[in-house]
Amino acid sequence: MSEPRRIRLLIADDEHLIRGALEALLGLEPDIEVVASADNGVTAAELALATQPDICLLDLEMPRADGLEAAARILATVNTRVIIVTRHARPGVLRRALASKVSGFVPKSTAAEDLAHVIRDVAAGKRYIDPEIAATALTAERCPLTDRELDALRYSRSTTSVAQIAEALHLAPGTVRNYLSSAMMKLDAVSRHDAAEKAWQQGWI
């Protein structure tokens, strides 16, 4: 009788020690095969397309493209399922993850044995959300900002000038200033950078 097919797994985490530990521990599972690993979201998306894994295990906070951005890229081009791993479960992030069709959401404190069970469940078509993360998301306040205000704040975290934000969003600088002012007022922020930080802490951007 032939062996059952193993779950092909891609792991992406910019912390080399954690990624190495996950590769080693999950690779010991008889029904899981680690087929690729990456230290950023862009490379993860490229490797997913090249290796066609069954499951992609993505760290939320990664350079070049975060876990949710990488998930969106991967799910648009590869028939796979995504599990997000995070150290800081900011409230709004879970809602964004569910909107992007992520199948699993677990904290980094999850033991490798438990993570293997989650991987098996997700590979079988189930969805797994860590109960504590789910509870935090349910009690979190709703985002008062519009999509355009969120876009302007998102670029404010990495862009220095209003002109650059306007260029990135294909908007007039005056329009961007209006969005930023409105967001600052709603969040009771002293500057656009303060507003962006508050929105990031809530997981809205």
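Modeller: Buried means under 20% relative accessible area. Keep that cut-off in mind as we look at this predicted model.

Colleague: Happy to! Is Glu-149 buried or exposed?

Modeller: Glu-149 has 4% relative accessibility, so it counts as buried. You will find it in helix H7, which spans residues 147–156.

Colleague: What is Glu-149 in contact with, leaving aside its neighbours within four places in sequence?

Modeller: Its partners are then Pro-144, Tyr-179, Ser-182, Ala-183 and Lys-186.

Colleague: Now for helix pairs. At what angle do H7 and H8 pack?

Modeller: Angles of 65 to 115 degrees count as roughly perpendicular and those over 145 as roughly antiparallel. H7 and H8 (residues 162–169) pack at about 125°, with axes 10 Å apart, and are therefore oblique to each other. The crossing of H7 past H8 is right-handed.

Colleague: Which residues meet there?

Modeller: From H7 come Arg-148, Asp-151, Ala-152, Tyr-155 and Ser-156, and from H8 Ile-165, Ala-168 and Leu-169. By class, that contact has five nonpolar, one polar and two charged residues.

Colleague: How far apart are the axes of H9 and H10?

Modeller: The axes of H9 (residues 173–187) and H10 (residues 192–201) are 9 Å apart, and the packing angle is about 60°. That angle makes H9 oblique to H10. Here H9 passes H10 in a left-handed crossing. Leu-180, Met-184 and Leu-187 of H9 make the contact with Arg-192, Ala-195, Lys-198 and Ala-199 of H10. These residues divide into five nonpolar, no polar and two charged.

Note on methods: Residues numbered from 1 in each chain as written. Predicted model: local features only at pLDDT ≥ 70, side-chain atom pairs only at ≥ 80, totals over all residues. Heavy atoms only, no water. Axes fitted to C-alpha atoms, helices over the stretch in contact; angles between N-to-C directions. Helix = DSSP H or I, 4+ residues; strand = E, 2+ residues; numbered from the N terminus. Parallel < 35°, antiparallel > 145°, perpendicular 65-115°, else oblique. Left-handed = near helix turned anticlockwise from the far one by under 90°. Contact = heavy atoms within 4.5 Å. Nonpolar A, V, L, I, M, F, W, Y, C, P; charged D, E, K, R; others polar. Buried < 20%, exposed > 50% of the residue type's maximum accessible area, 1.4 Å probe, protein only.
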